[in-house]
Number of protein chains: 2
Amino acid sequence: MTLNILFHADSDHWDEYRQPLPAALEAALEGTGETADLRTAGGFAPEEVDFMAYGPTNDPLDFTPYTRLKLVQNLWAGVDRVIGNKTLTQPLARMIDTEGLTAGMVEWVTGHTLRHHLGMDTHILGQDGIWRNDTPPPLAKDRPVTILGMGALGSACGQTLARLGFPVTGWSRSPKSIDGITTHHGPEGLRTALSGAQIVILLLPDTAETKNTLNADTLALLAPGAMVINPGRGPMIDDDALIAALDSGQLSHATLDVFRVEPLPADHPFWAHPKVTVTPHIASWTRPDSASKIVAENVRRLAVGEPFINLVDRSLGY
Amino acid sequence: MTLNILFHADSDHWDEYRQPLPAALEAALEGTGETADLRTAGGFAPEEVDFMAYGPTNDPLDFTPYTRLKLVQNLWAGVDRVIGNKTLTQPLARMIDTEGLTAGMVEWVTGHTLRHHLGMDTHILGQDGIWRNDTPPPLAKDRPVTILGMGALGSACGQTLARLGFPVTGWSRSPKSIDGITTHHGPEGLRTALSGAQIVILLLPDTAETKNTLNADTLALLAPGAMVINPGRGPMIDDDALIAALDSGQLSHATLDVFRVEPLPADHPFWAHPKVTVTPHIASWTRPDSASKIVAENVRRLAVGEPFINLVDRSLGY
């Protein structure tokens, strides 16, 4: 039999997936007796589609006519751009791509944590002939790092930083136990987790509950001169409170990869603030090679009748 | 009995050691029946000194009158500023301070490797409102790193980078076997180790044989656009060849922490070169807290008659 797979995303994304996805589908379906017919938007009548690989576009899709659709496989980890779509009643899976997305996030978070820890910018921005070697940074073992969000990305980043010697504290909504990381949970646990942290990394999902998690109140709990790294989602930070904390010296720097509006407008104060580094939503890229294998794995599960992986819990929002 | 310990280094260093060193000596000698009498330069007649903690100063010391001296314990890993002193006939130990010096070097090397790998400078130097998110870097697994020098520092850095996913190749003069690292040795092995490397890290000792290890010939073996990180010793690089390789595009960047002359003169072309980052010999600091424990361990060994640790092999020069 043939499974009808609709690839519904911007054409830029199709350019990236057109090579690896057919190969991954063929490999995954080998021996199942099924084959995949992969087409882009408009290639099938909606009622013919069995499986959709979905990259949210600016126009929300009406999922109502996709009556045979068994799974919407989001191409990114964050589902905030699709979960509010009321026409979506079919199961939704997130992209949890350990090989690509997680590895990339761990590399970016570790790199920027070390950049802040070592004070690299002093030298990168100070190539002026002045030999500035006055004060060594503390060793990692004396630099407490707190990560908000202990999902697949947060816990992978935390364990890597812990192996480098940082004392790592992790916070999540529900209790977690993760080797090498001191964990806290719930509203009281958040205050404990943030108290005295010198570097805070935000990897929470974007839900109604996580909005403005870093605000004037919680920023005041950090160690004076703390640094904030946000590779998660923009709304987790109260932007005005962040700027106030940078201006008062409570924070010494913030590196922000995600924003309420992206691309961040050129006249946004973050761009010009001397204590803010804006990066353009690059902390983690979905890598088509490895992501194709995850898509294909859920197609294989559809073919053989196994439960899907990475399903989103609508009640939690992620 | 009492061991006479001379601390012979600049007064700046004494300021750092005057607290932790006496405490470390007392802890190490507890139960040995010996005590330490610790004094700075001029505190003892030379023939009374049993043990010297030594930080090379600009005036070479005449070791001849130190007739009772059992060990010169260098305060740094590099002994190139003392090993050529012909009056030194007493045993010489290097500082191999895993807790401080090695941890600091691993943090610096890992941070700058990730900085180059991720292309961070594009954003740190480009806070101009332009959203530059065109091309993701490869994952670490697709970024071959070669480390020249597989001593305590090189192998610790290599193993940390390997755990982050980088394919790490290590080169040393004599054969080594290190978990997670592909190793080569000897002159032919050097060419193999450098061929196709995208990031090269220099952690060789400064000896006659390692001078100009990176020269026009060996730089040509690297992958086009490769990056060089030198936290080792300045003379390992032929500076003119390095600049030529940067200008031709064979290298895309060099981060240099050590130089033939330090501080690097303000008019040196490295400071102004857009593809060079000068850092002021900060990759690894000897941390007085942990280094004091290493000094004290060799004092304890003297007290109880055990062999010294970290002795320098004069025939190898390190």
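Two strands pair if DSSP finds at least two bridges between them. Strands here are DSSP E runs of at least two residues, helices H or I runs of at least four, both numbered from the N terminus.

This is a predicted model: local features need pLDDT of at least 70, side-chain atom pairs need 80 or more, and totals for chains, interfaces and linings use all residues. Residues count from 1 along each chain as written, chains are lettered from A and ligands numbered from 1 in written order, and side-chain values use heavy atoms, without hydrogens or water.

Chain B, then. Its open sheet has 5 strands, ordered β2-β1-β3-β4-β5, with parallel pairing. β2 (35-40) and β5 (92-93) of chain B are the edges; each has a single partner strand, so one side of each lacks a neighbour in the sheet. β1(B), residues 2-8, joins β2(B) through 6 bridges. In that pair, B:L6 stands opposite B:R39. Helix α2(B), residues 20-29, packs on the sheet and touches β1 and β2 of chain B. Its direction makes about 160° with that of β2(B); axes are lines fitted to C-alpha atoms, for helices over the stretch in contact, and angles run from 0 to 180 degrees between N-to-C directions.

Now the interface. 54 residues of chain A contact 54 of chain B, with contact meaning heavy atoms within 4.5 Å. The chains bury about 4100 Å² between them, 72% of it on carbon and sulfur. That is accessible area (1.4 Å probe) lost on being put together, summed over both parts. A:E107, A:W131 and A:W271 supply 19% of what chain A buries against chain B, more than any other three residues.

Definitions and conventions. Buried area = accessible area lost by both parts, 1.4 Å probe.
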